[in-house]
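Let's take a walk through a protein model together. Have a look at the structure below, and then we will go through it step by step.

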Amino acid sequence: MSHREPVYRDQRGRHPWWVESVDNITTETDDSRLKKANMHSIIHGLVFESERIQEQMEASRGYVAKGIKENIPGRTLPDLALHYAAATYMHTTVGSLGDPYIHMMPGIEEISGKWKLHPPQSFDLPVWETTPEEASKVVEKAGIQLGAAMVGFTTIDPRWLLDMAASISSEVDEMTSEGGKTLIPEKMKYVICVMGVVPPNLVDRNWTELGAAGDRAGFEAAFMASTRMLRFIKGLGYQAFDLQPVAPVIPYAISAGLGELGRMNRMVNPIFGGNVKLGAVLTDLPLALDKPVDFGLQEFCKRCKKCADSCPGNALSKVDEPTWEPFNQWQDAGKRVYFEDNEACMQAQRSKDVYCSTCMAVCPWSKQDKTVLHELAHITAAKVPSLANLMVKMDDLFGYGRITDGKSIRGWWEMDLPTRGVDSYQGRKKAVLRRLFR
Ligand code: SF4
Ligand code: SF4
């Protein structure tokens with residue numbers, strides 16, 4: 001490779017106008033004094049090996065315990081649990097044995113262990129005691145900080161357990177595995193549902209690798225939010241387990257008021273539409289529950305068939321009314337819904353080796369513009385769902401739908417987008433009409 005002069009780019013727009021670009025960093029350096037330290041001593045984690053630090057870490061346990069016992073603001077048990085839940089990345093990267101760092105840094109396994117959870121029991125302190133209302137308030141706040149766009153609370157429901165995987169038992173006090181099945185103690189009845197948001201500008205370009213990136217980013221958001229939530233609840237001293245191995249999440253999220261089931265056979269949230277992915281945590285922490293919501297979607301979906309009309313796999317039902325009969329043997333009976341040909345959905349995705357979210361992205365409820373006109377359309381749709389046809393026409397008129405032309409698809413790389421492509425405040429706080437009617 002030939003030597004080339006460095007190329008500098010135009011940095012305007014990254015900082016405000018009063019920040020200048022300069023030729024050298026503003027920290028003084030002197031190459032004649034340069035002497036590099038031993039690599040091990042500069043890796044932050046390995047400093048923990050020093051005896052002095054070890055002694056201090058031991059002593060700091062008393063300091064941490066005092067904060068919990070005396071409820072010192074900023075050092076209470078929920079504060080500590082949030083701290084450790086926020087450190088989940090250390091367990092998914094440095095702490096993972098498959099990580100390349102493990103081979104680079106001998107002794108890192110033991111060091112990563114020091115970042116493990118500190119539930120109150122490890123300080124010989126009782127679990128966090130509060131009212132269910134306060135618990136839900138704190139858990140919701142923590143969930144938003146830990147990556148969820150919304151958090152909802154409901155209870156375990158035997159109708160929505162995977163029978164072959166789990167059952168509720170009065171015989172056990174802790175989650176127990178017996179004969180390949182999970183026994184869920186009766187007291188583990190609370191379900192915390194967390195919702196991750198899919199970056200809309202990626203999934204609008206569905207049926208491409210960009211669309212697949214958006215779909216996966218949504219799953220990652222939900223996964224990280226629920227994994228961190230799990231650690232937060234354990235940090236409060238309670239049991240916490242991922243719900244997904246024992247039950248589908250959608251019915252729980254709907255019971256917890258995060259949305260309604262749409263024709264697309266997925267949950268539609270009144271603010272983020274179908275551009276959401278879900279996670280859930282099962283716990284024995286007593287919580288105040290949420291009720292399901294109704295924003296007129298059942299009536300709306302009867303008239304709007306945008307998801308079904310746009311599905312590249314022709315997998316979604318176009319019938320006028322939902323039915324009781326499952327489409328195939330992989331679906332449970334007992335609910336009146338628009339059953340989907342889930343085999344056709346999977347087949348379509350595998351034929352291009354991409355992940356598809358077309359139905360979720362084209363849904364009129366998924367549009368993320370902040371105009372009053374758009375909000376008015378949502379309110380009208382919720383209150384007068386019989387106007388769905390008009391709303392869908394308006395949606396089409398505004399050019400909403402899957403982006404298919406090459407120039408616009410490529411245009412994603414030119415867009416000015418929020419971090420991770422998601423404005424999680426969308427419609428929640430800023431919406432003008434919402435505030436007026438509150
Ligand atoms: S994910 Fe894609 S293929 Fe599957 S139902 Fe939705 S639009 Fe159709
Ligand atoms: S696209 Fe229309 S029919 Fe499909 S879920 Fe959304 S509102 Fe319902």
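The protein chain has a mean pLDDT of 85, and 84% of its residues reach 70 or more. One stretch calls for care: over residues 92-114, pLDDT stays under 50. For these residues the model has 27 contacts beyond four places in sequence. Where pLDDT is low, predicted coordinates should not be read in detail.

Now find helix H9, which covers residues 209-235. Helix H7, residues 132-145, packs against H9 at an angle of about 140°, and the two axes are 10 Å apart. That angle makes H7 oblique to H9. The crossing of H7 past H9 is right-handed. Which residues of H7 and H9 meet? On the H7 side they are Val138, Val139, Ala142 and Gly143, and on the H9 side Met229, Phe232 and Ile233. Sorted by class, the residues of this contact of H7 with H9 are 6 nonpolar and 1 polar, with no charged ones.

Helix H3, residues 77-86, also packs with H9. Here the angle is about 145° and the axes are 8 Å apart. H3 passes H9 in a right-handed crossing too. From H3, the residues Leu77, Pro78, Ala81, Leu82, Tyr84 and Ala85 meet Arg228, Arg231, Phe232 and Gly235 of H9. This contact of H3 with H9 has 7 nonpolar, 1 polar and 2 charged residues. Notice that Phe232 of H9 takes part in the contact with H7 and in the contact with H3.

Finally, turn to ligand 1. Around ligand 1 you will find Arg266, Cys311, Pro312, Leu316, Glu340, Cys345, Cys356, Thr358 and Cys359. This shell divides into 6 nonpolar, 1 polar and 2 charged residues.

Notes
Residues numbered from 1 in each chain as written. Chains lettered and ligands numbered in written order. Predicted model: local features only at pLDDT ≥ 70, side-chain atom pairs only at ≥ 80, totals over all residues. Heavy atoms only, no water. Axes fitted to C-alpha atoms, helices over the stretch in contact; angles between N-to-C directions. Helix = DSSP H or I, 4+ residues; strand = E, 2+ residues; numbered from the N terminus. Parallel < 35°, antiparallel > 145°, perpendicular 65-115°, else oblique. Left-handed = near helix turned anticlockwise from the far one by under 90°. Contact = heavy atoms within 4.5 Å. Nonpolar A, V, L, I, M, F, W, Y, C, P; charged D, E, K, R; others polar. pLDDT = per-residue confidence, 0-100. Near = heavy atom within 4 Å.
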